[in-house]
Amino acid sequence: MKKLILILFVSTLVSEAALAASFEPAWGRDGMLVTSVGPAAWAGQQVLENGGNAIDAAIATAFAAAVAHPFSSGVGGGMFAVVHSAADGTSTSLDARETAPAGATAEFYTKNPGSIRSGARSVAVPGMVQGAWALHQKYGSMPWEKLLEPAIKMASEGVRVEIWHHNVVKRVAERLKDFPETRRIQTVDGMAPPLGWNHVQPELAESLRWIQKKGGKALAVGPIAAKIAKATGNAVTELDLARYEVKWREPIRGSYRDYEIVSMPPPSSGGILLVQMLNILSRYDLSAMNHGSSEYVHLLASTMKMAFEDRAGILGDSDFYDVPVEKLISMAYADQQAARFDPRGQVKARSDHAQVPDDDGTTHISVIDKHGNAIAITQTINTLFGSKITVPGTGIVLNNEMDDFSIGPELANSWGATGSTANMVAPGKRPLSSMTPTLVLQDGKPVMVIGSPMGTLIISAVLQTLINVIDFDFDAQRAVNAPRFHHQWKPDRLTIEPEFPVEVRERLQSLGYELREFSIIGAAELAVFDPDACMFWGGADGRRDSRTGAVNTSPVPRPSETVQCVGTSRNTAEAVPD
Ligand code: DON
């Protein structure tokens with residue numbers, strides 16, 4: 001009997017553990033978490049299973065992600081979150097974006113352009129811990145201390161190195177040779193840790209314990225703040241750290257077909273571009289087109305080009321620059337833009353930049369719970385290991401978010417993105433981002449939570465994944481898996497994933513596209529609540545080490561049984577799709 005109980009317990013654990021990406025969506029009766037940091041999924045899944053809400057789960061996962069993939073996000077970086085609260089039915093967004101230090105000037109970077117990419121002058125004032133704290137203060141239901149525990153456990157006991165982790169560190173290891181603390185902690189003798197290596201980060205565990213104890217201001221004042229200032233040679237001063245503030249912002253809102261879109265406002269370009277593109281595309285019956293056909297790719301790519309043209313020209317931190325948000329997301333503007341589309345040719349670009357977006361300093365977490373709370377967090381240190389600086393004695397990797405600023409109209413950043421004065425460096429300003437944490441609501445309730453890492457590619461990945469569900473009725477996993485493409489105006493070329501067939505490529509070339517193949521266009525992490533089935537679905541993106549954490553705490557209902565479902569009663573027997 002004892003043996004049987006043990007077997008049952010083990011099999012429950014196996015069936016309900018976080019799942020890697022697959023061909024079928026993950027399913028849950030009581031909630032769904034999806035993240036690009038697979039080894040961190042269990043942290044939030046466990047929180048949900050223990051009665052925490054979506055926001056608690058996202059915070060726990062965000063800290064765990066900082067430990068599991070320290071090359072892609074962490075407490076030395078920043079984040080955006082878009083949140084829906086079931087209690088009052090409202091959605092809002094949190095801007096915990098890194099901020100230019102008081103001493104940062106455009107002139108310095110124009111004269112020393114290399115310094116914006118790595119090293120002390122690439123570091124912007126981090127916001128992640130204060131962001132997580134602000135989310136917890138407003139929405140948290142579990143003690144803060146508890147939410148830090150999974151991350152502390154992973155940092156002190158170790159995380160097993162998987163293929164993604166190994167390959168990423170291999171790519172960047174050579175560039176760490178001038179950064180001894182990062183090299184010491186993140187490599188094994190200067191090389192990528194081998195598969196199966198137990199990666200322990202005791203100094204980071206200590207810092208996380210400090211954050212657990214001190215809360216939101218743990219990095220803003222006190223010994224860690226002093227160490228950050230020292231590690232950056234006072235490029236980021238203790239005063240910069242003490243003055244940092246998160247901002248609650250009114251999200252960008254739009255509608256597409258029968259859905260409401262709620263996404264990130266400036267300093268992100270993501271929400272504006274997403275809504276702008278959906279507005280244009282709402283003029284077309286996409287479902288009548290063949291998904292992935294040249295006709296379809298041409299329409300979407302032209303829409304991307306026009307939206308990214310605006311990004312380069314007039315987007316930046318709206319606290320410093322008058323971004324015409326209302327105009328950009330209006331239907332009248334969509335009409336003007338749609339009129340520029342030529343089914344037989346190109347929307348012309350003005351100049352070209354040969355930059356390849358290819359880096360991985362960002363992670364995404366999507367969570368939706370059984371009460372109807374939802375949260376999308378995208379967090380970043382910008383490129384792999386950010387500035388490459390680890391603050392000695394803390395295990396904290398500092399971001400290089402300054403590179404998201406523009407330092408001249410013709411100088412592209414790591415993502416190939418150019419900018420204008422709208423996104424020029426200024427003290428206290430926040431650099432323009434592409435991060436697009438997004439909620440989709442139907443009848444005022446969240447039905448999708450999505451976001452992605454990968455710089456400018458994020459916006460295209462989110463757009464296409466949403467269209468795959470809304471217009472093509474793909475399930476969550478198929479929507480995430482489907483091959484993607486991306487156009488960002490400059491460089492004037494269409495980036496496509498390898499799966500596109502020769503005929504489609506030839507037809508696109510005949511329409512004037514220069515094609516570039518790239519194997520990974522974003523990593524969209526999609527959590528869905530399906531009110532008809534009364535089920536949560538998850539699509540984790542296999543382009544990264546992504547995983548779903550499905551929640552199944554309620555008993556499996558009999559087919560004839562009526563269940564309570566996010567505030568309503570429903571018989572679900574007929575509603576599960578084939
Ligand atoms: O905020 C931004 O747009 C960039 N710092 C994002 C960088 C990124 O997505 C890195 N990728 N994996």
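D189 is exposed, with a relative accessible area of 68%, where exposed means over 50%, buried under 20% and partly exposed in between, for a 1.4 Å probe and protein chains only. This is a predicted model in which local features need pLDDT of at least 70 and side-chain atom pairs count only at pLDDT 80 or more, whereas totals for chains, interfaces and linings use all residues. Residues are numbered from 1 along each chain as its sequence is written, and side-chain values use heavy atoms, with hydrogens and water left out.

**Backbone geometry**

- D189 has a phi near 55°, a positive value in a residue other than glycine, and D189 lies in the loop between helix 8 (180-186) and strand 7 (198-199); helices (H or I, at least four residues) and strands (E, at least two) are DSSP runs, numbered from the N terminus.
- M454 is not a glycine either, yet its phi is positive at about 100°, and its place is in the loop between strand 16 (445-450) and helix 16 (457-470).
- M454 is buried, with a relative accessible area of 3%.
- P266 and P267 are joined by a cis peptide bond with omega of about 15°, and P267 belongs to the loop between strand 10 (259-263) and helix 12 (270-281).
- Another cis peptide bond runs from K490 to P491, with omega near -5°, and P491 is found in the loop between strand 17 (485-486) and strand 18 (494-496).

**Helix 2**

- Within helix 2 (residues 41-49), the residues A41, A43, G44, Q45, V47 and L48 are buried.
- Just after helix 2, G51 takes a positive phi of about 95°.

**Ligand site**

- Of the 18 residues around the ligand, those that come nearest are T362, E401, D404, S433 and G455, a residue being near a molecule if one of its heavy atoms lies within 4 Å of it.
- Polar contacts are pairs of N or O atoms within 3.5 Å, and for the ligand one is made by N382, which has a polar side-chain atom 2.8 Å from a ligand nitrogen atom.
- A polar backbone atom of S434 is 2.7 Å from an oxygen atom of the ligand, while a polar side-chain atom of R544 lies 2.9 Å from a nitrogen atom of the ligand.
- The protein covers 100% of the 340 Å² of accessible area that the ligand has on its own, with areas computed by the Shrake-Rupley method and a 1.4 Å probe.
- The ligand sits in the largest cavity, a cavity being a set of points, on a 1 Å grid over the protein atoms alone, where a 1.4 Å probe fits but cannot get out, and sitting there meaning that more than half of the molecule's atoms lie within 2 Å of its grid points.
- Strand 11 (361-369) and strand 12 (374-382) are the elements that give two or more residues to the shell around the ligand.

**Disulfide**

- With a disulfide taken as a pair of cysteine sulfur atoms within 2.5 Å, the count comes to 1 disulfide.
- The link is formed by C534 and C565, whose sulfur atoms are 2.0 Å apart, and with 115° about the S-S bond this link is right-handed.
- The pair links distant parts of the chain, 31 residues apart, with C534 in the loop between strand 20 (526-530) and strand 21 (535-539) and C565 in strand 23 (residues 562-565).
- Both C534 and C565 are buried.

Methods
A polar contact is a pair of N or O atoms within 3.5 Å; within protein, one must be able to donate a hydrogen and the other to accept it, and residues adjacent in sequence count only if both atoms are side-chain atoms. On a 1 Å grid over the protein atoms alone, a cavity is a set of points where a 1.4 Å probe fits but cannot get out, and a pocket is an open set with protein on both sides within 12 Å along at least five of seven lines; lining residues have an atom within 4 Å of a point.
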